[in-house]
Amino acid sequence: MSNYRDIIKAPIITEKSSTLAEGNVITFSVDPKANKVQIKQAVEKIFNVKVESVNTINVKPRKKRVGKYVGKTNKVKKAIVKLKEGSSIELN
């Protein structure tokens with residue numbers, strides 16, 4: 001990955017991720033080819049925080065139907081990033 005902004009695509013803001021954010025855990029949508037070390041470096045450089053751990057989840061595409069047409073959703077890789085004590089990210 002050439003640029004840190006290519007690794008971190010967007011924060012995932014759901015009810016569950018908002019609950020996790022209270023405990024210094026932030027969820028991001030990331031590039032499917034990125035590994036945990038690259039994700040950790042990207043979050044630390046972009047947001048100027050210290051990262052304690054990174055967990056990743058590969059979400060498989062699901063079948064969707066619209067009338068007679070059948071398709072699939074996009075596959076996504078999620079990163080659940082736990083920040084060290086004293087670090088925080090404001091996502092508004």
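Phe28 counts as buried, its relative accessibility being 1%, where buried denotes a relative accessible area under 20%, exposed one over 50% and partly exposed the range in between, computed with a 1.4 Å probe on protein chains only. The model is predicted, and accordingly local features need pLDDT of at least 70 and side-chain atom pairs count only at pLDDT 80 or more, while totals for chains, interfaces and linings use all residues. Residues are numbered from 1 along each chain as its sequence is written, and side-chain values use heavy atoms, with hydrogens and water left out.

A search of the whole structure returns one aromatic pair, a pair being two rings of Phe, Tyr or Trp (its six-membered ring) with centres within 6.5 Å, classed as stacked if the planes are under 30 degrees apart, as edge-to-face if over 60 and as tilted for the rest. The ring centres of Phe28 and Phe47 are 5.7 Å apart and the planes lie at 25°, so the pair is stacked. Phe47 is partly exposed, with a relative accessible area of 28%.

Ile39, Ala42, Val43 and Ile46 are the buried residues of helix 3. They cover an arc of only 95° around the axis, which places them on the same side of helix 3, the arc being that of the directions from the helix axis to the C-beta atoms. The face turned away from this buried side carries the exposed residues Val37 and Lys45. At the N-terminal end, helix 3 is capped by Asn35, a side-chain oxygen of which lies 3.3 Å from the backbone nitrogen of Val37. Asn48, which follows helix 3, has a positive phi near 55°.

The whole structure was also searched for salt bridges, and one was found, the criterion being a side-chain nitrogen of Lys or Arg within 4 Å of a carboxyl oxygen of Asp or Glu. This salt bridge joins Glu52 to Lys82, with the closest N and O atoms 3.9 Å apart. Glu52 lies in strand 3 (residues 51-59) and Lys82 in strand 6 (residues 76-83), 30 residues apart, and the pair thus links distant parts of the chain. Glu52 is partly exposed at a relative accessible area of 45%, and Lys82 is likewise partly exposed, at 35%.

Terms used: Helix = DSSP H or I, 4+ residues; strand = E, 2+ residues; numbered from the N terminus. Polar contact = N/O pair within 3.5 Å; in protein donor to acceptor, adjacent residues only side chain to side chain.
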